[in-house]
Amino acid sequence: MKTSFSLSDFDFTLPDELIAQHPAAERSASRLLDGRSSSPVDRRFTQLPDLLQPGDLLLLNDTKVVKARLFGQKGSGGRLELLIERVLSLSPAAGHEVAAHMKVSKKPLPGAVLQMDGGFTATLLGRWPNEDGPLYRFALSSDPYMLMESHGHVPLPPYITHSDSADDERRYQTVFAKHPGAVAAPTAALHFDETVLARLEARGIQRASVTLHVGAGTFQPVKAQNIADHVMHFERFEVPEATLQAIAACKARGGRVVAVGTTCVRALESAAKFGPACRDTNIFITPGFKFEVVDVLLTNFHLPKSTLMMLVSAFAGYEHIMALYQHAIAQRYRFFSYGDAMIIDRHRLGKAIK
């Protein structure tokens, strides 16, 4: 069993045509790779309720994707793009401040007033979270959430090549999205519709929620060959007290905690590791990580060399995950945000997958 890992260990070759550019016609019409045993089983997502047990607890991320991509121009006329990663303040007195990525040919200087499409302005204040930070701090001329809703674009991932549409606005959002703040969808949860949720409830599978606002850093490639040198991005999250109680009750009755997506895993394991008061996490889960909460993971297929490939390898075992990915490629599964899903059990050290 492999115990030492470098970045190249998490690489694989994916044909471009397997990168899903659009969602399935219906949310639950996607495929589901059942990887809970040594031999993969090809299923449909609608079978999920039959794969779980009465008494299990399904954990969902109720973050809501905001239309965080905004376009505008500098005083010189040069075009630019902002991707709002985090709203820092909402009140006029505090300046309607946001932290954002900025894509522009030549960076403007602090104090520059940018004219944004839609008739509002964004004043550059400096870098964030400090003077050497990776993001930029802006003061918008009005409420950031209102401006994004009126003038923003859906922040589709970089591997989706078409411009956002009304269909993306509807489908790049879960049916239970509640708290605005994410710039990327918790993609494993995109497969759920009301019919599947009702069947899960009827089967006696309980539900609880966490909120983790997925950041654009989820798409940033790992560049360090020694993965221990990689610096993770921070994401805001909350695990409510009611959810902590539901998890404790589930464990007490012998049920399993089923996380829908790596974002739920990050939130739950961060709360367990750093305490329930933690609200900002840069947890980096790689093989050898000791999981304390999650027993079963429902997840989409992730980018080569990504931190999420490392997370699922830590969860289900490196060799097992790489074999599942090769099976998925051979069977023409659809990959990434709009793609198909996979269900895996937590690999216990010293206990082989049956």
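In which sense do β7 and β10 pair, and over how many bridges? The pairing of β7 and β10 is antiparallel, over four bridges. Within it, Ala-99 stands opposite Arg-137 in β10.

Some conditions before I continue. This is a predicted model, where local features need pLDDT of at least 70 and side-chain atom pairs count only at pLDDT 80 or more, while totals for chains, interfaces and linings use all residues. Residues are numbered from 1 along each chain as its sequence is written, and side-chain values use heavy atoms, with hydrogens and water left out.

On terms: strands (E, at least two residues) and helices (H or I, at least four) are DSSP runs, numbered from the N terminus. Two strands pair if DSSP finds at least two bridges between them.

Now the whole sheet. Six strands form a closed barrel in the order β5-β6-β7-β10-β9-β8, with antiparallel pairing. On average, neighbouring strands of this sheet are turned by 45 degrees against each other, direction ignored. Axes here are lines fitted to C-alpha atoms, for helices over the stretch in contact, and angles run from 0 to 180 degrees between N-to-C directions.

Helix α2, residues 144-151, packs on the sheet and touches β5, β6, β7, β9 and β10; contact means heavy atoms within 4.5 Å. The direction of α2 makes about 135 degrees with that of β6.

Strand β6, residues 79-87, is joined to β5, residues 69-73, by five bridges, with Phe-71 opposite Glu-81. Seven bridges join β6 to β7, and there Leu-83 stands opposite His-101.

Last, β7 is mostly covered, with six of its eight residues buried, that is, under 20% relative accessible area with a 1.4 Å probe, protein chains only.

Conventions. Buried means under 20% relative accessible area, exposed over 50%, partly exposed in between (1.4 Å probe, protein chains only).
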